[in-house]
Amino acid sequence: MSFTFEPGRTRVVFGRGTASSVRAEVERLGAHRVLLIARHGGDEVAAALGPLLAARFTGAAMHTPVEVTERALTSLREHGADCVVSVGGGSSTGLSKALSVRAGVPQVVLPTTYAGSEVTPVLGETAEGLKKTRRDATIQPDTVIYDVDLTLDLPLGVTVTSAFNALAHAIAARGNENPLVDAIATKAIEGVLHALSGDPVSVEARTELLSSAWLAGTCLASVPMGLHHKLAHVLGGSFGMPHAATHTALLSYTAPADLAKLIHDTATRFGSATSLRALGMAESDLSRAAEIAEHPDALRVLTNAWRDASSG
């Protein structure tokens with residue numbers, strides 16, 4: 001056994017109704033003027049920020065296109081913001097990270113999905129059709145506020161695919177030589193699958209999914225990016241595939257054998273796409289995607305995922 005472990009610096013506030021603490025968290029960071037990133041909703045958080053709210057940006061996009069970041073950065077500077085607060089899924093979180101690391105301002109993230117990226121020092125950005133990922137401690141958010149109430153109106157379909165996104169993060173870390181990372185990953189996998197085994201829109205399931213996403217993101221921060229995430233980033237950045245749904249379609253073909261069938265059966269039960277073909281990817285694009293991924297198993301996995309080879 002041999003490992004190096006550096007705990008993340010993110011402060012976590014978890015519960016129901018915790019969004020009301022956002023002003024206190026911003027003030028704790030010594031900030032006074034907030035740029036709020038919120039594509040949908042965010043009114044509750046805007047009200048809680050009160051006089052600290054300097055401006056609001058609603059243009060966050062999947063896979064964090066650099067041109068969107070530049071527009072948001074202009075807004076941040078024009079309004080003299082010294083902190084970023086984001087409300088939403090991975091798109092909002094990605095933009096928050098990109099702004100924070102460019103402007104050198106703190107960030108507070110309020111996730112409304114189960115992306116998990118909010119507790120990682122990882123940022124994936126898309127430019128000229130390619131998504132590039134970098135890892136740096138300065139990218140990691142200062143505070144993450146998990147409010148279960150913010151997830152209660154998440155549609156069932158998005159709930160399921162987002163949960164599979166978190167599951168992919170945990171699977172990537174299971175079996176790690178660091179016993180703490182392995183234990184966290186195992187707990188996250190159990191939590192996601194348990195929540196999806198019943199009614200995933202109940203408050204109890206939402207709570208379990210949100211806490212499991214936190215765990216999954218926490219352990220993902222400690223492991224390198226494997227084939228699954230390489231493919232997901234390539235398909236998103238270069239082919240415009242939806243992030244969470246792509247994780248779901250790929251996961252049966254990248255997961256360990258003891259989980260693959262259960263994952264496929266669970267996705268099928270909820271009517272989630274279990275193939276890249278169902279998500280609209282052209283078979284003719286598989287070779288190009290494999291080439292970009294630069295992994296010897298990429299084409300085989302992509303082909304199986306396109307054909308839905310697990311269905312039979």
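Predicted model: local features only at pLDDT ≥ 70, side-chain atom pairs only at ≥ 80, totals over all residues.

Biologist: Okay, and where is Glu 294 found?
Modeller: Glu 294 sits in the loop between H11 and H12. Its phi is near 55 degrees, a positive value in a residue other than glycine.

Biologist: What about Glu 128, what's its phi?
Modeller: Glu 128 has a positive phi of about 55 degrees, although it isn't a glycine. You'll find Glu 128 in the loop between strand E6 (122–127) and strand E7 (130–135). With 84% relative accessibility, Glu 128 counts as exposed.

Biologist: Let's switch to helices. How many residues does H10 have?
Modeller: Helix H10 covers residues 257–269, so to speak, and has 13 residues. From its first C-alpha to its last, H10 reaches 19 Å, close to the 18 Å expected at 1.5 Å a residue.

Biologist: Which residues in H10 are buried?
Modeller: In H10, the buried ones are Leu 259, Ala 260, Ile 263, His 264, Thr 266 and Ala 267. Looking down the axis of H10, the buried residues fall within an arc of 165 degrees, so they line one face of the helix.

Biologist: And which residues are exposed on the other side of H10?
Modeller: Over there, Ala 257, Asp 258 and Lys 261 are exposed.

Biologist: So what covers the buried residues of H10?
Modeller: The cover includes helix H5 (156–173), helix H6 (179–197) and helix H9 (243–254).

Biologist: What happens just after H10, at Gly 271?
Modeller: Gly 271 takes a positive phi of about 75 degrees there.

Biologist: Let's talk cores. Which residues touch the most other members in the largest nonpolar core?
Modeller: That core has 39 residues, and Phe 164, Leu 167, Ile 171 and Ile 263 touch the most other members. Strand E8 (143–147), H5, H6, helix H7 (203–220) and H10 each supply at least two residues of this core. Apart from it lies another core, of 20 residues, among them Ala 249, Tyr 253, Leu 276 and Ala 305.

Biologist: Why would residues like that gather in a core?
Modeller: In soluble globular proteins, nonpolar side chains tend to be buried together.

Biologist: Back to Ile 171: what is it in contact with?
Modeller: Setting aside neighbours within four places in sequence, Ile 171 is in contact with Ile 189, Leu 251, Ala 255, Pro 256, Leu 259 and Ile 263.

Biologist: Now Val 181. Is Val 181 buried or exposed?
Modeller: Val 181 is buried, with a relative accessible area of 2%, and it belongs to helix H6. Leaving out neighbours within four places in sequence, Val 181 is in contact with Phe 5, Ala 173, Asn 176, Cys 219, Ser 222 and Val 223.

Biologist: How many residues apart along the chain are Val 181 and Ser 222?
Modeller: They are 41 residues apart along the chain, while their C-alpha atoms are separated by 7.4 Å.

Biologist: Time for rings. How many aromatic pairs are there?
Modeller: The count comes to one aromatic pair. The rings of Phe 14 and Tyr 146 have their centres 5.8 Å apart and their planes at 45 degrees, so the pair is tilted. Phe 14 lies in strand E1 (residues 11–15) and Tyr 146 in strand E8, so the pair ties together parts that are 132 residues apart in sequence.

Biologist: Is Tyr 146 buried or exposed?
Modeller: Tyr 146 counts as buried, at 0% relative accessibility. Phe 14, at 32% relative accessibility, counts as partly exposed.

Biologist: What lies over the face of Trp 306?
Modeller: Arg 277 does, at 4.6 Å from the ring centre. Trp 306 is also one of the buried residues of helix H12 (residues 298–307).

Biologist: And what do the buried residues of H12 pack against?
Modeller: They pack against helix H8 (227–239), H9 and helix H11 (286–293). Just after H12, Asp 308 takes a positive phi of about 60 degrees.

Biologist: Last one: where is Thr 93?
Modeller: Thr 93 is in helix H4 (residues 90–103), and it is buried, with a relative accessible area of 0%. Not counting residues up to four places away in sequence, Thr 93 touches Ser 86, Val 109, Ser 117 and Glu 118.

Note on methods
Residues numbered from 1 in each chain as written. Heavy atoms only, no water. Helix = DSSP H or I, 4+ residues; strand = E, 2+ residues; numbered from the N terminus. Expected span 1.5 Å × (residues − 1). Buried < 20%, exposed > 50% of the residue type's maximum accessible area, 1.4 Å probe, protein only. Arc of directions from axis to C-beta. Contact = heavy atoms within 4.5 Å. Core = buried A, V, L, I, M, F, W, Y, C linked by side-chain atoms within 4.5 Å. Phe/Tyr/Trp six-rings, centres within 6.5 Å; stacked < 30°, edge-to-face > 60°. Lys NZ or Arg CZ within 6 Å of the ring centre and 35° of its normal.
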